[in-house]
Amino acid sequence: MPTPTRERLVAAAFELFEAQGYDATTVDDIAARAGTGRSTFFRHFRGKEEVVLPDHEALLGRLADRLAVASPGSAGTALREAAGMVLSHYLAEGGTARARYRLSSSVPAIRDRETASVQRYVRLFSQHIHGWLDQEPDGPLRAELVASSVVIAHNHVLRRWVRGETDDPRGELDDALTLALRLLRDPGAPDQPTIVITGGVDDVDDVVRRVREALAPGKNRGRPGIAPT
């Protein structure tokens, strides 16, 4: 199956940037390497900077669709899945994502475009979180804090992956998001109750001991649930 023109242009651009440098590469060079013309290039990209960046429009659209079907009760899950979708996009790019990181570290124009794109993700997350917290007095502030934290958590893990500092970016993202999402639930709210179901013949002291063990630090403290006995 032929490679789509957009993908050929991206591949050609990164090959040339690596071989002869970003500044020395022209749009005509990229189009020629991809086997297309200048007009074809501009049907897909507005300029040389844009060919370096991932398709943020499509990615933001997918995230918006996912977040739109979430409810306040599933907000944490939705945010985890949305951040995971962004990470999966970069992981699928493989070497292209790493090449982009090298370029953004050395080319101010690319770095500025990446910084601007980060704010688009923050605004998208904040918009939806604000909707979930709209009945709470500090909802707007917490929405911005959580949105920024989710994006920072993702970018921290992504940078570690592109630098070759982790072999488990998905696992690290899950841990990072656990920290980032702490403010999603009102920190002043009381812990959720734990429902204990017994068969009616258990020793009460033994049941209490087992429940305390289950709720010890590191074992789901503060999470609603059922403690089987």
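Arginine 111 is found in helix 8 of this predicted model. Helices (H or I, at least four residues) and strands (E, at least two) are DSSP runs, numbered from the N terminus. Local features need pLDDT of at least 70, side-chain atom pairs count only at pLDDT 80 or more, and totals for chains, interfaces and linings use all residues. Residues are numbered from 1 along each chain as its sequence is written, and side-chain values use heavy atoms, with hydrogens and water left out.

**Arginine 111**
- With a relative accessible area of 37%, arginine 111 is partly exposed, because that term covers values between buried (under 20%) and exposed (over 50%), taken with a 1.4 Å probe and protein chains only.
- Not counting residues up to four places away in sequence, arginine 111 touches Ser104, Ser105 and Ser106; contact means heavy atoms within 4.5 Å.
- Glutamate 49 is 62 residues from arginine 111 along the chain, and their C-alpha atoms are separated by 9.8 Å.

**Overall fold**
- The protein has eleven helices and two strands, in the order α-α-α-α-α-α-α-α-α-α-β-α-β from the N terminus.
- Of the 229 residues in the protein, 37% are buried.
- Among contacts between residues at least 6 apart in sequence, 67% join residues at least 24 apart.

**Nonpolar cores**
- A nonpolar core is a set of buried Ala, Val, Leu, Ile, Met, Phe, Trp, Tyr and Cys residues joined through side-chain atoms within 4.5 Å.
- The largest such core has 38 residues, and those with the most contacts inside it are Leu67, Leu79, Tyr121, Phe125, Ile129, Trp132 and Val150.
- At least two residues of this core come from each of helix 5 (56-68), helix 6 (75-93), helix 8 (108-132), helix 9 (139-162) and helix 10 (169-180).
- Helix 9 gives the largest share of this core, ten residues.
- Another core, of 19 residues, lies apart from it and includes Phe14, Ile30, Ala34 and Phe41.
- Phenylalanine 125 is in contact with Leu63, Leu67, Leu79, Ala82, Ala83, Ala147, Val150 and Val151, leaving aside its neighbours within four places in sequence.

**Annotated region**
- UniProt, in an unreviewed entry, places the feature "DNA-binding region" at residues 26-45; such annotations may be inferred rather than shown by experiment.
- The span of residues 26-45 is 75% helix and 0% strand, and its end C-alpha atoms lie 13 Å apart.
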